[in-house]
Amino acid sequence: MKKAIILSLTVFLALDAIAQKVTFMPQWTPQTQFAGYYVARDKGFYAEEGLDVDIIHLGASSTESVLDVLKSGTAQIVGQQLLQAVVARADGTPIVNILQLTQKSGLMCVSREPISKPEDLDGKRIGKWRQGYSEFCDIMEMSKGIYIDWIPFVQGINLYVFGAVDATLCYSFSEYISLQMAMGDIPEEQIIRFSDFGYNVPEDGLYTLDEYYDTHKDVVDKFVRASKRGWDYARSHRDEAVEITYRYIDKGHIVTNLATQRRMLDEYLDLQVNPVTGVADYAAAREDDFNEMINALIDTGYIYGKVDYNEIYR
């Protein structure tokens, strides 16, 4: 018995010694938006692939971005939105998509008054994130020929709750839930969803740099495979996924509540469902939609040259 224990320990230590180390950073603080990765780590899915994965986060008030962290080598894989990755690629950062997670956009605008179309936002003071996540709003503003007084915020809903803005940008799985928690049901006539007006490009995915992809293709494949497994498990074990996520929330001293995190997970999992196939299949963006996004970015001066579909989706 003693020999068996020693042998098992020896094998475990040997496997641990050869595990390939990977640092992963989601694009925000701990929450169920990233539950699948927490599940993959805590259920041992990464370890079964021979990976030793460390999940790190930026602070809510950090001036860095996940792109900064990726370029510095602090993390080898990060979470990022497709549009922001395209802009980064156009600016010379050799970033590549290794997994397209969400399949549709959750971007919304909540107003204090009835709105039915983007043009109704003309002349409004609207809150938006200080660091990114709202490029399509700028594209919309320029393409529609309207003027919006953008008021930057770091996080949260306080600008809207306390009347400092006429409207605020939010995501269906995040700030919108917090707004409902704080203010009760919000009438549909005070909401526009950008996906209803031609701005429905898939958002969240996993990214790495070309060099890491080329030199660690096996690690990338293992990380993607285990991450998919984590998300599939979270979809069918939602309460457990929330429980696992809360270990990271507590460790990060994040102020939230169980109801918010449960609703966030439900909504985020819905965004992963491909509207064409009806299942969460992790499909890359359609090439036609991708090229339409590129043309919109060029037309509005966000980028100054084409980004090839196959440069992002290798």
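This is a predicted model: local features need pLDDT of at least 70, side-chain atom pairs count only at pLDDT 80 or more; totals for chains, interfaces and linings use all residues.
Colleague: What makes strand β8 mostly covered?

Modeller: Five of the five residues in β8, which spans residues 167-171, are buried. Buried stands for under 20% relative accessible area. A167, L169 and Y171 point one way from the strand, T168 and C170 point the other way, and all are buried.

Colleague: How do you know that β5 and β8 pair?

Modeller: Pairing needs at least two bridges between the strands. Strand β5, residues 107-111, is joined to β8 by five bridges, so the two count as paired by that rule. They run antiparallel, and L107 stands opposite Y171 of β8.

Colleague: Why is β6 also called a partner of β8, and in which sense do they pair?

Modeller: Two bridges link β6, residues 125-129, to β8, and at least two are needed, so the pair qualifies. The sense is parallel. Here G127 stands opposite T168 in β8.

Colleague: Which residues of helix α8 are buried, and what covers them?

Modeller: In α8, residues 175-183, the buried ones are E175, Y176, I177, L179 and Q180. Their cover includes β5, β6, β8 and β9, along with helices α7 and α12. After α8 comes G184, with a positive phi near 85°.

Colleague: How many aromatic pairs does the structure hold?

Modeller: It holds 14 aromatic pairs.

Colleague: Why is the pair of F173 and Y268 called edge-to-face?

Modeller: Two values decide the matter. The ring centres are 5.1 Å apart, and rings pair when their centres lie within 6.5 Å, so F173 and Y268 are a pair.

Colleague: Where in the chain are the two partners, F173 and Y268?

Modeller: F173 is in the loop between β8 and α8, while Y268 is in helix α12; they are 95 residues apart, and the pair links distant parts of the chain. Both F173 and Y268 are buried. The two also belong to one aromatic cluster, whose members include Y171, W129 and W231.

Colleague: What makes R112 a charge over the ring of Y160?

Modeller: R112 lies over the face of Y160, at 4.4 Å from the ring centre.

Colleague: Which ring does the charged end of K128 sit over?

Modeller: The ring of W150, with 5.0 Å to its centre. That value is also within 6 Å.

Conventions:
Residues are numbered from 1 along each chain as its sequence is written. Side-chain values use heavy atoms; hydrogens and water are left out. Buried means under 20% relative accessible area, exposed over 50%, partly exposed in between (1.4 Å probe, protein chains only). Helices (H or I, at least four residues) and strands (E, at least two) are DSSP runs, numbered from the N terminus. Contact means heavy atoms within 4.5 Å. Rings of Phe, Tyr and Trp (its six-membered ring) pair if their centres lie within 6.5 Å; planes under 30 degrees apart count as stacked, over 60 as edge-to-face and the rest as tilted. A charge sits over a ring if NZ of Lys or CZ of Arg is within 6 Å of the ring centre and within 35 degrees of the ring normal.
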